[in-house]
Amino acid sequence: MELVKEHIEQLRAMLSERPMKIVTVSHTNPDGDAIGSSLAWAEALRQLGHTVTSIVPNRHPYFLNWMPHIDELVIFKQDSERANEAIREAELIFCLDFNALSRLEILSEALGANSSARRILIDHHLSPEEGFALTFSYPECSSTAFLVYQLIEALWGAECITREMAELLYVGMMTDTGNFAFSFLTPELFRAVAVLLERGIVIPDIHNRVYNSYTAGRARLFGYAINRKMKLIHGGRVAHMSLTEEEMRRFCFQQGDSEGFVNYPLTIKKMKMSAIFIEQHDFIRISFRSRGAVDVNLFARRYFNGGGHKNAAGGKSFEPMAETLARYEAAVEEWAEEGNL
Ligand code: 5GP
Ligand code: MN
């Protein structure tokens, strides 16, 4: 993967004008990559003398609480005044780890209404929206954190990456690749990890802080979801699970507790596609995962107003759970008949 040199030089020029007020924004339900890439990029910009505010629409999962600089994140849902002020004053807005402003949900309106700043996209999702002053869209890049690493390296050299920035970047790389197990695992990615190691990151520590820091309720909810709620269809090659608000309350659900559940059915031999339906106040949030050629980005776009990557995508349903699941099963059938499964 080669970054477009002309875009790098345009970015360099933009950032060299003078010290500026800059905002970074990332997607709703921010994950390790959204937060790791935003905070690391913000740190790199601060090294140049810029003033940077990183904003996310809502809170991150609790197992990311330890991440360096996470206290500086402005959470729009909790602190919209501070977020709006930073957006109003911003001269540049970096949009990290999402492909369409609608992914900001409650934050998208504030961004549209309060700002005429130049917007720059740094992302690895398919089908980026148009209208950015500058677009760094690399769907073949395994994480936005790895893209940020490459931008920093190309602009200023990897020497400027501090240990804290290295931890932030590693979290993004690790979580978006399923701990280095999914696609787009290139020699360049592992070379970047080697550089992060030289900066002093301790991989087992980061692994434990992210993957071995859940609550007991989460472990029990997982058992319940697999044992009681997993349904196999299409000859056992498609799986889905669902969790209602009542079920989540029963297991003292905290934001982030269902992270990773959707991957588990794919550990079953010959499984091609998995989905989880999580009930929220006003809609159902859906995650899709697939193996190999099965393209859940297309499936999510066509049936559930969503998108993402080929093997990991998401979407929404505004119908009740039973109707949503029935619609899903019908969609899988139709999709399979067309030869997509
Ligand atoms: P997750 O299932 O982990 O929430 O999301 C999987 C992938 O799909 C992520 O890359 C995420 O950004 C994307 N994604 C999740 N929900 C949506 C959605 O509603 N719309 C779109 N376009 N992408 C989504
Ligand atoms: Mn990502």
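Which strand gives the most to the shell around ligand 1? I looked it up: E12 does, with four residues.

**Ground rules.** I am working with a predicted model, where local features need pLDDT of at least 70, side-chain atom pairs count only at pLDDT 80 or more, and totals for chains, interfaces and linings use all residues. Residues are numbered from 1 along each chain as its sequence is written, chains are lettered from A and ligands numbered from 1 in the order written, and side-chain values use heavy atoms, with hydrogens and water left out.

**Ligand 1.** I listed the residues around ligand 1 (a heavy atom within 4 Å), and they include His125, Gly306, His309 and Ala312. Strands E10 (284–290), E11 (307–308) and E12 (312–317) each supply at least two shell residues; strands here are DSSP runs (E, at least two residues), numbered from the N terminus.

Next I checked polar contacts (N or O pairs within 3.5 Å). Oxygen atoms of the ligand lie 2.6 Å from a side-chain N or O atom of Ser287, 2.7 Å from a polar side-chain atom of Arg103 and 2.9 Å from a side-chain N or O atom of Arg289. The protein covers 80% of the 500 Å² of accessible area that ligand 1 has on its own (Shrake-Rupley method, 1.4 Å probe).

**Shell classes.** I noted two nonpolar, eight polar and two charged residues in the shell. Gly counts as polar here, while Asp, Glu, Lys and Arg count as charged, and Ala, Val, Leu, Ile, Met, Phe, Trp, Tyr, Cys and Pro as nonpolar.

How values were computed: A polar contact is a pair of N or O atoms within 3.5 Å; within protein, one must be able to donate a hydrogen and the other to accept it, and residues adjacent in sequence count only if both atoms are side-chain atoms.
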